[in-house]
Amino acid sequence: MTVPTAPGLGGVQISASILSADFANLGEAVRAAERGGADMIQVDVMDGRFVPPITMGSVVVEALRRETGLPLDLHLMVVEPERHLAEFARAGAANLAVHIEATAHPHRDLAQIRALGMRAGLALNPGTPPESCSELLDLLDFVLVMSVNPGYSGQEFIPASLGKVRRLRRMLEGRPVQIGLDGGVSADNAAAAVEAGADVLVAASAIFGAPDGVEAAIARIRAAAGR
Ligand code: DX5
C-alpha cells in the first residue's frame, strides 16, 4: 500500500489537542505530549458563538509557548477570525487555521496569516465540501478536516470524513499542503485516515484521556498510523 503524503513534508504527524487535558496542569500536559513524541500541540480556541463553549485565548497560548518547544497549532473556532490573527501571532502560534464557515474573507485571512509569519490553514466542518477550498489552494499550508462537529472532545468519529480527505488529497495533488483529520481520531482509525491521505492526526481524548497515559497513547496512534 502506498501512503500519500504531502510532498516535502515527510511522514505522518501527531498533533496533541489539549482540549481533553487537565486545564489546571497544562504545562505538565504539553511536556508529557512532548516526551511521548507528539509533533505539535493543538490549541482549540472557541468563542461561544461559532461553537457553544468558550475555551482559551492568546494568554494561554503565550503561557504554553514558555512550556514547550513544540509548534503550537491553533484551531480557531471563532467568528470574524481576522480580528485576532495578529494577537495569536504575537503569542507564539506556528500554525493557524480559521474556519471557512466563520469568515466572509478566507482569501484575505489566509494571506494575512502567512504575512504574520504563521502557516495558514482552513478548517472544514463535516457539512462543508472540500471543493469550498478550490480557489484558495495557493494560499494554503494545511487543511483541517473536521471528523466531528467542532466544539467538544470525545465525540464519535464521522466515517464519511475519510471520503472527504480522499477528495481533498486529489485536489491538492502536487502541492505541499498537509491534511489534518480532527475529531474522534484514535489508534482505531489512524490507519484508515493515513490511507485516505491525512498526514496530520489530531487527537484530544485518545491522548489526554488514555488510562495508560499520554506517552503510551501517542505511541499507540503512531504505531497504528504505520509511520
Ligand atoms: C473539535 C476540536 C478537536 C477535538 C478533538 O472541537 O478541534 O481537537 O477536541 O477531540 P477528540 O480527539 O476527543 O475527538
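**Pocket, ligand and cavity**

Reply: The largest pocket holds about 240 Å³ of space. Before we go on, this is a predicted model, in which local features need pLDDT of at least 70, side-chain atom pairs count only at pLDDT 80 or more, and totals for chains, interfaces and linings use all residues. Residues are numbered from 1 along each chain as its sequence is written, and side-chain values use heavy atoms, with hydrogens and water left out.

Me: How many residues line the largest pocket, and which lie nearest its centre?
Reply: On a 1 Å grid over the protein atoms alone, a pocket is an open set of points with protein on both sides within 12 Å along at least five of seven lines, while a cavity is a set where a 1.4 Å probe fits but cannot get out; lining residues have an atom within 4 Å of a point. Here 25 residues line the largest pocket, and Tyr 152, Ser 153, Asp 182, Gly 183 and Gly 184 lie nearest its centre. The largest share of this lining, three residues, comes from β2.

Me: Where does the ligand sit?
Reply: A molecule sits in a pocket or cavity if more than half of its atoms lie within 2 Å of its grid points. In this model the ligand sits in the largest pocket. There, 19 residues surround the ligand (a heavy atom within 4 Å counts as near). The closest are Asp 44, Gly 151, Gly 154, Gly 184 and Ser 205.

Me: How many nonpolar, polar and charged residues are in the shell around the ligand?
Reply: Eight are nonpolar, nine polar and two charged; Gly counts as polar in this scheme.

Me: How many cavities of 30 Å³ or more does the structure hold?
Reply: A volume is the space filled by probe spheres set on the grid points. The structure holds one cavity of 30 Å³ or more, and the largest cavity has about 90 Å³ of space. Its lining has 14 residues, with Met 40, Asp 73, Phe 142, Leu 144 and Val 200 closest to the centre.

Note on methods. Helix = DSSP H or I, 4+ residues; strand = E, 2+ residues; numbered from the N terminus.
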